[in-house]
Amino acid sequence: MRTSPVMNCVVALMESPRKTEADTPTEAGSNASTDAFNSYVLPELPVLYRTARSLSRSDADAEDLVQDTLLRAFRAIDRFDGRYPRAWLLTILRNTNINRARKKKPDLLNDPEATFERSQDFAEHTGPEEIVLEPIFETVVLDAFDQLPEKFSSVVRMVDLEGKSYGDTAAALGIPVGTVMSRLHRARKRIRDEISAQGLDSTEAVLAGGGDVLFGANDDSGDGDANRNNNNRGGL
Amino acid sequence: MGLFSIFKREKNLNCNEVLEVLQSYLDGETDETVARQVSGHLSLCVNCEPESVIYQRIKTTIAVGGSDIDETVLSRLEVFTQRVSTGQIVVPTDLEG
């Protein structure tokens with residue numbers, strides 16, 4: 001199994017991989033934790049990886065990010081109430097990504113004092129026990145994309161993923177160019193509406209999710225914005 | 001007419017007209033004239049410019065994250081998850097973040 005350099009430094013691989021769950025204690029010391037963690041995480045791995053990929057520069061970085069996220073999630077499993085596992089995991093993923101970016105570019109902010117203050121602020125808000133659930137632009141988009149009917153998603157896939165022209169898309173699907181445009185417009189409008197529903201309309205929120213983000217629009221993640229959190233829970 | 005057409009200003013699109021062609025503009029499917037008109041409008045309009053940013057970000061997000069996932073990557077992550085949960089990979093207590 002591939003592990004990142006970071007993982008090699010911080011993770012000790014135990015021997016006897018043939019041990020069963022029954023005779024292998026978890027860090028939390030119970031099979032209940034093992035079962036709970038697996039039940040929360042395994043169904044969400046595709047969403048986690050896709051979100052990580054949209055936040056990372058490469059597929060390898062995305063996989064590393066998910067692995068780091070899983071380690072942090074397991075450490076915090078005993079403090080998780082079991083509700084909204086996807087939102088819980090995605091919040092850890094986002095915080096992990098911000099932390100990794102900060103470590104990679106420690107001098108990005110030139111003012112040492114401001115950097116220190118922001119890092120202290122960041123540290124106060126990113127402990128797993130203080131996780132605040134907030135929507136992530138990329139996840140909202142990809143979730144909405146996944147929920148599109150096939151006739152809409154196929155058009156979006158050809159234009160945005162495969163880079164096809166409207167004409168080529170029309171030819172490939174055997175439909176008029178006007179229908180391609182109509183479906184594309186309606187598909188993106190559905191995604192756009194979901195972004196509004198999640199409270200991600202602001203330019204700050206839109207731009208915060210990029211791979212270069214150091215401190216995004218969610219610096220104030222401890223503010224407990226109930227409306228956004230409720231939206232997130234409903235949507236995720 | 002030929003002389004005066006040199007000085008004829010390009011049509012100014014209103015917001016509704018821009019939103020009608022915004023998707024085509026972002027997809028590079030408009031002709032140069034329309035593209036120039038839309039671009040000019042977006043540079044001045046506080047309502048349409050943010051819409052353009054959001055739709056462009058939607059396109060980018062799908063382009064990067066919307067492709068199918070390599071099953072071998074998912075398999076590796078599933079194994080990793082199970083090894084973490086069963087203690088075969090120990091989470092260090094001083095793990096940052």
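Predicted model: local features only at pLDDT ≥ 70, side-chain atom pairs only at ≥ 80, totals over all residues.
Across all chains, three aromatic pairs are counted. In one of them, the ring centres of Phe37(A) and Phe74(A) lie 4.9 Å apart with the planes at 80°, so the pair is edge-to-face. This pair ties together distant parts of the chain, since Phe37(A) sits in helix α2 (residues 31–41) of chain A and Phe74(A) in helix α4 (residues 59–75) of chain A, 37 residues apart.

Helix α2 of chain A also carries Tyr40(A), whose partner Phe80(A) lies 40 residues apart from it in the loop between α4 and α5 (85–104) of chain A. Through ring pairs, Tyr40(A), Phe80(A) and Trp88(A) form a cluster.

Turning to the helices, the axes of α3 (residues 45–55) and α7 (residues 137–146) of chain A come within 9 Å and cross at roughly 125°. The two are therefore oblique to each other, and the crossing of α3(A) and α7(A) is right-handed. Residues of α3(A), including Val47(A) and Leu55(A), meet residues of α7(A), among them Leu142(A) and Phe145(A). The contact comprises four nonpolar, three polar and four charged residues.

Helix α7 of chain A also contains Val141(A), which counts as buried at 0% relative accessibility. Beyond its neighbours within four places in sequence, Val141(A) is in contact with Ile191(A) and Ile195(A), and with Ile58(B), Thr61(B) and Ile62(B) of chain B.

Terms used. Residues numbered from 1 in each chain as written. Chains lettered and ligands numbered in written order. Heavy atoms only, no water. Axes fitted to C-alpha atoms, helices over the stretch in contact; angles between N-to-C directions. Helix = DSSP H or I, 4+ residues; strand = E, 2+ residues; numbered from the N terminus. Parallel < 35°, antiparallel > 145°, perpendicular 65-115°, else oblique. Left-handed = near helix turned anticlockwise from the far one by under 90°. Contact = heavy atoms within 4.5 Å. Nonpolar A, V, L, I, M, F, W, Y, C, P; charged D, E, K, R; others polar. Buried < 20%, exposed > 50% of the residue type's maximum accessible area, 1.4 Å probe, protein only. Phe/Tyr/Trp six-rings, centres within 6.5 Å; stacked < 30°, edge-to-face > 60°.
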